[in-house]
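Visitor: Please bring up the model. I have a few questions about how it is packed.

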Amino acid sequence: MELIQIRYFITAAQFQNLSKAAHILHITQPALSKSIAKLEDELGVCLFDRSGKKITLNERGEKFLDYAITSLQELDDAVAAVKSQTPSPALYFGLLHYSEKFLHCLGAFSKENPNVSFHLEQLDMASHNIDTNEFDMLLYPQSPLFHKYKGYMIYSDPYFLAVHKSNPLACKGSIQLSDVSEQTIIFLKHGNKLFDLPYHLCVSLGIHVNDGMFTNNYETQRWLVSNNHGSGFVSQGSTSSYATDPDIVLLPVSDKGLSQDIMIGFKRQKHLSADGKRFADFVRAYFGI
């Protein structure tokens, strides 16, 4: 008795039609009939009652089907368990910034290297105790907070102002920072001291905002803007959920310098695995570093 015979029998029993079962199995009907007949010969009993192409499980067939399905599931589980114990190449990434551009890069690399798995961990921007040795790569915004990390700038991410559709600014094609004077702005803040760049620029330019609000989460900011509780600056790489919100309008900010440099850093070359080195080379080529 062969495993393929059991699989053929189960499929035939499910469809109870030799033509349909053969089509699903990508074999000819005579080949399927021959396989089932051989199985019945080995068992010494008939499993089906036949009427032309139509077959119906008999009492013995129903009993054998229950055991066959259970046995096949246990075998498939055993194979999966063994495979899961087999180590596969893996790269570990620490993300201090959400970046759709980087995720597209990762997807392109994955298509060329389907055997490499990825572990992505979103890190707390306010954390000062990140163990860089845990990761093959770190993605982070350029900031004094991360001065100890050595990396490459992969691109500069411009800011947009997200406003509710009823906001008077919504009809503008773009805005300047001075346009947000007297607006209620929902700023991003990480920990006690780390504010996003737009906050520092507003303060340095003396731009007064009404009762500034703070959150450490883009999704919370998006909800507040969508429900007309204020406006918020969002970097381009994080605009996807804002852009699909029918109650939000995204306005480019024309002021020079209102953009965030996105950095990528790798383990030292001698500590990178072969897959890590290949990914590092791929990133440099992808972003033209």
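Visitor: Which residues have the most contacts inside the largest nonpolar core?
Guide: This is a predicted model. Its largest nonpolar core has 21 residues. Those with the most contacts inside this core are Met137 and Phe279.

Visitor: Which element gives the most to this core?
Guide: Several elements each supply at least two residues, including strand S3 (90-95), helix H5 (100-112) and strand S5 (137-141). The top contributor, with five residues, is H9.

Visitor: What does methionine 137 touch, leaving out residues up to four places away in sequence?
Guide: Its contacts include Tyr92, Phe93, Gly94, Leu95 and Phe102. Also touched are Ile264, Gly265, Phe266 and, finally, Phe279.

Visitor: Why does leucine 75 count as partly exposed?
Guide: Leucine 75 sits in helix H4 (residues 59-84). With Leu3 and Val79, Leu75 makes a nonpolar surface patch of about 220 Å². Leucine 75 counts as partly exposed because its relative accessibility is 37%.

Visitor: What share of the residues count as buried?
Guide: The cut-off for buried is under 20% relative accessible area. The protein has 289 residues. The buried share is 40%.

Technical notes:
Residues are numbered from 1 along each chain as its sequence is written. This is a predicted model: local features need pLDDT of at least 70, side-chain atom pairs count only at pLDDT 80 or more; totals for chains, interfaces and linings use all residues. Side-chain values use heavy atoms; hydrogens and water are left out. Patches are made of residues with over 30% relative accessible area and no salt bridge: like charges are joined within 9 Å, nonpolar side chains (Val, Leu, Ile, Met, Phe, Trp, Tyr) within 5 Å. Accessible areas come from the Shrake-Rupley method with a 1.4 Å probe; for residues, only the protein chains shown count as cover. A salt bridge is a side-chain nitrogen of Lys or Arg within 4 Å of a carboxyl oxygen of Asp or Glu. Helices (H or I, at least four residues) and strands (E, at least two) are DSSP runs, numbered from the N terminus. Buried means under 20% relative accessible area, exposed over 50%, partly exposed in between (1.4 Å probe, protein chains only). A nonpolar core is a set of buried Ala, Val, Leu, Ile, Met, Phe, Trp, Tyr and Cys residues joined through side-chain atoms within 4.5 Å. Contact means heavy atoms within 4.5 Å.
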